[in-house]
Amino acid sequence: MRPSKAIAGGGLLLAACLLATGVFAQSGGSEGLSPTLSAIKNAHTVRLGYRESSPPFSFLDQANRPIGYSLELCEAVVEEIGVEVDDPDLKIEYVKVTSDDRIDAVLQNKIDLECGSTTANAERGKRVAFSPLTFVAGTKLMVPKASGVAAVTDLKGKTVVVTKGTTNEQAMHAADKKFSLGLNIVTAADHEQSYQTLAEGKADAFATDDILLYGLIVRHKAQDKFRVTGDYLSYDPYGIMFRKGEPQLSAVVERTFRKLGSNHDLVPLYNKWFTARLPTGERLNVPISPQLEEAFKAMDDSPSANN
């Protein structure tokens, strides 16, 4: 396996999955495999953590089956794990997680890969590992169309709902302190409940990553009811989360992204979930950002990439 090259753009901290290539030899049994890969080989199963209401990253279709961009990336990692452990017929078990329990689900060995809309930041990187960059988002506000709120400073003394355990919760507390807003910050268990809190008039704004706000508005066909507004209140690079301290597993995840990048599969996969019509019928129409496109190009190890 060729050595990794530096990841460009917003994916710098996500390169923290330090590779130890060539250290572990493949084995017919689980001997020589890292703990997670050994457990996967013995169980013939990879457990993927999914979110119920984070379209288009991870959500449920009309038959209540987990689908989404992040899950499709995770499924590609599962294929590569199958190569690493010499088991091409690995099964996938889907395990529901929330924004509040997803990190613990990784730490407590309840899931092998977390396939949602999780920000990879330095604080979380002390506890878990992340894949290369999968998306770049940031905290914005969803407000009723008729609302006079155009920026976070317009929320003085008002109620804002956030989803528990998210970086957005931290961003709103920081904004509250910075601008002395006297906000009433309430939490909900997941993004759908946060949306319903706003829809029921129990909050003046819902703060989360902009792409998730757009996804929920489209999913609920609520374009005439709500709008997304304000400057970015945080920078949120997404990645697939997995257990820290397993260089072999990190190498498998990295190799998956480099194969997808070299085969030029990453941009079409993005377009499938962000610009084309979703399996549930909606269309987000969110073109890829220059920053993410550069990060994907950095994953391309094909000879033509250097031309």
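Q: Phe-57 and Tyr-69, are they buried or exposed?
A: Both Phe-57 and Tyr-69 are buried. Buried here is under 20% relative accessible area, exposed is over 50% and partly exposed is in between, using a 1.4 Å probe and protein chains only.

Q: What kind of model is this?
A: It's a predicted model, with pLDDT of at least 70 needed for local features and 80 or more for side-chain atom pairs to count, while totals for chains, interfaces and linings use all residues. Numbering runs from 1 along each chain as its sequence is written, and side-chain values use heavy atoms, with hydrogens and water left out.

Q: OK, back to the rings. How many aromatic pairs does the structure hold?
A: There are 12 aromatic pairs. Rings of Phe, Tyr and Trp (its six-membered ring) pair if their centres lie within 6.5 Å; planes under 30 degrees apart are stacked, over 60 edge-to-face, and the rest tilted.

Q: And why is the pair of Phe-57 and Tyr-69 edge-to-face?
A: The ring planes of Phe-57 and Tyr-69 sit at 70 degrees, with the centres 6.1 Å apart, so the pair is edge-to-face. Phe-57 is in the loop between β2 (53-54) and β3 (58-60) and Tyr-69 is in helix α2 (residues 69-84), so the pair ties together parts 12 residues apart in sequence. For the labels, helices (H or I, at least four residues) and strands (E, at least two) are DSSP runs, numbered from the N terminus.

Q: What about Tyr-195 and Phe-226?
A: Their ring centres are 5.6 Å apart and the planes are at 70 degrees, so that pair is edge-to-face. Tyr-195 belongs to helix α6 (residues 191-199) and Phe-226 to strand β13 (residues 226-229), so this pair links distant parts of the chain, 31 residues apart. Both Tyr-195 and Phe-226 are buried.

Q: Which residues form one aromatic cluster?
A: Phe-57 and Tyr-69 again, together with Phe-135, Tyr-238, Tyr-270 and Phe-274.

Q: What lies over the face of Tyr-232?
A: Lys-140 does, at 4.5 Å from the ring centre. To count, NZ of Lys or CZ of Arg has to be within 6 Å of the ring centre and within 35 degrees of the ring normal.

Q: Switching topic: how many helices and strands in the chain?
A: The protein chain has 10 helices and 15 strands. It has 307 residues, and 55% of them count as buried.

Q: What does helix α1 pack against?
A: Its buried residues pack against β1 (45-50), α2, β15 (241-243) and α8 (247-262). Those buried residues are Thr-36, Leu-37, Ser-38, Ile-40 and Lys-41, in a helix that covers residues 35-43. Just after α1, His-44 has a positive phi of about 55 degrees.

Q: Where else is phi positive in a residue other than glycine?
A: Lys-221 is one of them, with phi near 50 degrees. Lys-221 is in the loop between α7 (210-219) and β13, and counts as exposed because its relative accessibility is 59%. Asn-285 also has a positive phi, near 55 degrees, in the loop between α9 (266-274) and α10 (290-297).

Q: Which peptide bond is cis?
A: The one from Pro-55 to Pro-56, with omega near 0 degrees. Pro-56 is in the loop between β2 and β3.

Q: Which residues line the largest one?
A: The lining includes Arg-102, Arg-124, His-191 and Asp-209. The elements that give two or more residues to that lining are α5 (167-179) and β12 (205-209).

Q: Last one: what does Leu-183 touch?
A: Leaving out residues up to four places away in sequence, Leu-183 touches Leu-155, Lys-158, Val-160, Met-172 and Asp-176, where contact means heavy atoms within 4.5 Å. Leu-183 is in the loop between α5 and β11 (184-188) and is buried, with a relative accessible area of 12%.

Definitions and conventions:
On a 1 Å grid over the protein atoms alone, a cavity is a set of points where a 1.4 Å probe fits but cannot get out, and a pocket is an open set with protein on both sides within 12 Å along at least five of seven lines; lining residues have an atom within 4 Å of a point.
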